[in-house]
Structure formats: C-alpha cells, structure tokens
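Hi,

Here is the structure I promised to pass along.

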Amino acid sequence: MRWRHPPVYRPLVDLSTMEERHLLVTYRLDRATIQELCAQMEPDLISAIRHATGFPPPVQVLSVLHFLASGSFQITLAMTSGMSQPMFSKVLSRVLSALLKHMRSYIVFRQVEDLPTVKGDFYALGHIPNIIGAIDGTHVAFVPPLQE
C-alpha cells in the first residue's frame, strides 16, 4: 500500500518545553548535553527521515536515551514516542551506531596506573573495595575495552 501523501509526524516530546529536572530524571542528561548529542548525531540520523522513519533526529535521540535510562521495553518506549515497535527497533539501531561514533568524546576510561589511587579514593568514601568509577549510583559491570 502506498501513501498518497506521506504521513505527518506530530512529535510527542519537545525538548524546549521540558523542565531541567524532568530531563535529568527521564534521560539522565541535562538539556545542553542532549542538544549537543542531537547536533553531533544529526548527520547520521537525517538520512533516516528521508528513508523510512520520518522521525526528526531529536525525537530519535530522546526516544533512545529514554530507553537506555529507563531499561523499559521497546514497545513501551515506542508507544510514548509515537512509533511502532519495529520502527523503534530501527531507530534504536541507528542512534546506537551514531552514539558509538562519538563515544570517545563522552566516555573516558582511566589509565591502569591511575586505578590504585581511584580505588583508594572510592574506598575512603564508602568502604567498598575495588571500585574504579561510578555512574549516577547505578551498578555497572565493565568489560575492559580491546587494546588497540
């Protein structure tokens, strides 16, 4: 079935009208960082508009950030974003690929020689051994990156 006219997308999320606290709770990032991510990834995501999704890059980015921050199911996030689950799956793949391109700008791994100092500092704070970093109170098991 072909559309006579392409469907018109009406965004359910608007970054400019959200309060900063809501952004931090929902996406775990502040407005400036989200806007920076959207701008950096727009060239990678704009082709998705021309092809199948029709969703502007900021909507794609916000949908995926919410998915990553909440740990919810794709179908739930898809509905709140106004897209189908299969479409959300495509958007998720595109946004994650774009995020990987810019990962080194945001994620920095400590050098091996810094780890004893970092472990000591964390032990002094909470008396928990072998901690090398923290992400907003979330426990994350890291696998070391491949050496280049």
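A quick definition to start: helices are DSSP runs of H or I with at least four residues, numbered from the N terminus. Keep in mind that this is a predicted model, where local features need pLDDT of at least 70 and side-chain atom pairs count only at pLDDT 80 or more, while totals for chains, interfaces and linings use all residues. Residues are numbered from 1 along each chain as its sequence is written, and side-chain values use heavy atoms, with hydrogens and water left out.

Ile 75 sits in helix 4 (residues 74–81). Ile 75 is partly exposed, at 43% relative accessible area (that means between buried, under 20%, and exposed, over 50%, with a 1.4 Å probe and protein chains only).

Now for helix 1, which spans residues 20–27: Leu 23, Thr 26 and Tyr 27 are buried there. They share one side of helix 1, because they cover an arc of only 80 degrees around the axis (taken from the directions from the helix axis to the C-beta atoms). Arg 21 and Val 25, on the other side, are exposed. Just after helix 1, Arg 28 has a positive phi of about 60 degrees.

Tyr 27 turns up again in the core. The largest nonpolar core has 25 residues, and those touching the most other members are Tyr 27, Ile 34, Met 41, Met 83 and Phe 88. (A nonpolar core is a set of buried Ala, Val, Leu, Ile, Met, Phe, Trp, Tyr and Cys residues joined through side-chain atoms within 4.5 Å.) Two or more residues of this core come from each of helix 1, helix 2 (31–50), helix 3 (57–70), helix 4 and helix 5 (85–106).

Cheers
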